[in-house]
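Subject: Structure handover

Hello,

Here is the structure I promised to pass on. My notes on it follow below.

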Amino acid sequence: MARRFKLRPLPGAQEESLPNNPVIDRREFMRHSFNTAAGVITMASLGSIGFAALLMGTAESSGGDTAVRFWVPTGAEDSAWYGDRHLEPMSYSAFTQAASTSQTGMAGAQGVWSGLPVNVVYVPHDENQNSPAISDVPRFQYADGYSESGKYVGSGYEIEEDPLFSSLSIHDNLIVIFSRCTHLCCIPGWQLVQNDFTNDQWTPGAVDAGGNKLFCICHSSRFDPTTIEKNRSRNRSTGSEFDFIGIRRTGGPAPYGLPLIPWTLTGDTIEALPDFVDWYTYCD
Ligand code: FES
């Protein structure tokens, strides 16, 4: 029998905003969210429900609602290293094992957390941070962020210096990223398509070249998961602006990068923290 997902409203949302029968199967979920007919993922609108209102049911899963779970796009079952782990809670050891087989020591995966699409990326920062910054020796880099209009917003260093962002402090060589493109809200992917931007390569300097970018197939925006900056985003519905800490947009039509999600380890399970939920509403 097809796996079913129960829809629940976001905290504070009205129950009436849900359809009469708020249960969908995977096919419907895929149609509403991940469309992988070309081996890639794209995003469609859920209308009044909103993608953020989707929460995974717990009957068929373990790890609790805070766990980040693998999401295997249709068509990637045989190609993604996590292809047989759909909706399993993400374990930290899975990433270190996958990273050990890559040229750069990096590994990434699509995921879902409380109904939100995420990317999780492992970078061997601790091992490489004191080495010369050369190709294929990746580490996290902090950078200044500038708004769409070119105005200085802040620095990625603020996650180390401002107590407000303390839960975002880089730890355990891994980051969790909210994965909706700041262009038109598709879902960027980690190595789900092959091109110069997604090859298993790394170049220092927060540049667009060099590979291992999160790639948005819709209009080819690129995001560097190793470059942390502060930037400014906007809620499409209200127009209100807010500053966030995230990864850098390096190319394509997306106006700025993607926000980080704080996370913690419980045993071997990667669990995300709802400290900055407003940052994930720009597509609502
Ligand atoms: S929606 Fe991502 S590049 Fe257009």
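Start with the strand pairing: β8 and strand β13 (residues 258-261) run antiparallel and are joined by 2 bridges. Two strands count as paired if DSSP finds at least two bridges between them. Ile177 has Leu260 as its bridge partner in β13. Strand β12 (residues 241-251) also pairs with β13, antiparallel, over 2 bridges. There, Ile247 is bridged to Leu258. β12 and β13 make a hairpin with 6 residues between them, and Gly252 in the turn has a positive phi of about 90°.

A word on the model. It is predicted: local features need pLDDT of at least 70, side-chain atom pairs count only at pLDDT 80 or more, and totals for chains, interfaces and linings use all residues. Residues are numbered from 1 along each chain as its sequence is written.

The chain has 4 helices and 15 strands. These are DSSP runs, numbered from the N terminus: helices are H or I, at least four residues, and strands are E, at least two.

Now the core. The largest nonpolar core holds 56 residues, and Ile177 is among those touching the most other members. Strand β8 (residues 174-178) gives the most to this core, with 5 residues. Such a core is a set of buried Ala, Val, Leu, Ile, Met, Phe, Trp, Tyr and Cys residues joined through C-beta atoms within 7 Å. Buried means 20 or more other C-beta atoms within 10 Å of a residue's own, exposed 12 or fewer, partly exposed in between, with C-beta atoms placed from the backbone.

Lys151 is exposed because it has 9 other C-beta atoms within 10 Å.

Best wishes
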